[in-house]
Amino acid sequence: TQTQTTSFKAELYEGIHDFSADVFKIALYTSSADLGANTTVYTTSGEVTGGGYTAGGQVLTGATINTGYNTAYISFDTPVTWAGATFTARGALIYNSSKGNKAVAVYDFGTDQNAGMANSFNVNMPADTAQEALIRMS
């Protein structure tokens, strides 16, 4: 399932997440992962293993907060790259490593994405717009 987590939405109202100061990460997962709206924290269950990948994923950089078209949205620098990758990933979890690894959003790549023969595995961020940013609320 691709969604912002329910816990993240509640935690925004509680003032837990600070995209201008906290460290957010992206972890990759296989098709066996059980991630969705009810995911509350980063988990190693179903996480990718293989050459070029370290448990916990990578730090997302360049968070920018914008508004437009009655939507608040956040984007990050792109791409996030795993060099020398020899693994298969089906989706990803963005989480806040500064706040107890609290889950933010789950993404499904639609199909298994393979990186083999020591290639780079890239996760490209969508356009920094109210209609396409990864994290947005209307």
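Good morning. What we have before us is a predicted model, in which local features need pLDDT of at least 70, side-chain atom pairs count only at pLDDT 80 or more, and totals for chains, interfaces and linings use all residues. Residues are numbered from 1 along each chain as its sequence is written, and side-chain values use heavy atoms, with hydrogens and water left out. Helices (H or I, at least four residues) and strands (E, at least two) are DSSP runs, numbered from the N terminus.

Let me begin with strand β2, residues 24-29. Five of its six residues are buried, so β2 is largely enclosed by the rest of the structure. Buried here means under 20% relative accessible area, while exposed means over 50% and partly exposed lies in between, with a 1.4 Å probe and protein chains only. Two strands are taken to pair if DSSP finds at least two bridges between them. On that basis β2 runs antiparallel to strand β6 (residues 80-96), to which six bridges join it; within this pairing, Y29 stands opposite G91 of β6. Strand β2 is also joined by two bridges to strand β3 (residues 58-59), again antiparallel, and here I26 faces Q58 of β3.

Contact means heavy atoms within 4.5 Å. Leaving aside neighbours within four places in sequence, I26 is in contact with residues including Q58, L60, V80, W82, V123 and M125.

This leads to the nonpolar core, defined as a set of buried Ala, Val, Leu, Ile, Met, Phe, Trp, Tyr and Cys residues joined through side-chain atoms within 4.5 Å. The largest such core has 33 residues, of which I26, L28, W82, F87, F121 and I135 touch the most other members. Two or more residues come from each of β2, β6 and β7 (102-123), and β6 gives the most, with nine. As a general remark, nonpolar side chains tend to be buried together in soluble globular proteins.

Next, a separate topic: the open sheet. Three strands form an open sheet in the order β4-β5-β8, with antiparallel pairing. Strands β4 (64-68) and β8 (135-137) stand at the edges, each with a single partner strand, so one side of each is left without a neighbour in the sheet. Between β4 and β5 (residues 71-75) there are five bridges, in the antiparallel sense, and S75 in β5 is the bridge partner of T64.

I turn now to the aromatic rings. Rings of Phe, Tyr and Trp (its six-membered ring) pair if their centres lie within 6.5 Å; planes under 30 degrees apart count as stacked, over 60 as edge-to-face and the rest as tilted. By this rule there are nine aromatic pairs. In one of them, the ring centres of F8 and F19 are 6.2 Å apart with planes at 90 degrees, so the pair is edge-to-face. This pair links distant parts of the chain, with F8 in helix α1 and F19 in the loop between α1 and β2, 11 residues apart. F19 also forms a stacked pair with F24, at 4.1 Å centre to centre and 5 degrees between the planes. Both F19 and F24 are buried, and F8 is buried as well, at 1% relative accessibility. Elsewhere, ring pairs link Y53, W82, F87, F109 and F121 into a cluster.

Which side chains make polar contacts with the side chain of H17? A polar contact is a pair of N or O atoms within 3.5 Å; within protein, one must be able to donate a hydrogen and the other to accept it, and residues adjacent in sequence count only if both atoms are side-chain atoms. The side chain of H17 makes such contacts with that of E11, at 2.7 Å, and with that of N96, at 3.0 Å. H17 lies in the loop between α1 (6-13) and β2 and is buried, with a relative accessible area of 10%.

Finally, back to Y42. Y42 counts as buried at 16% relative accessibility. Its side chain makes a polar contact of 2.6 Å with the side chain of E47 and reaches the backbone nitrogen of G56 at 3.0 Å. Although Y42 and V104 are 62 residues apart in sequence, their C-alpha atoms are 9.2 Å apart in space. Thank you.
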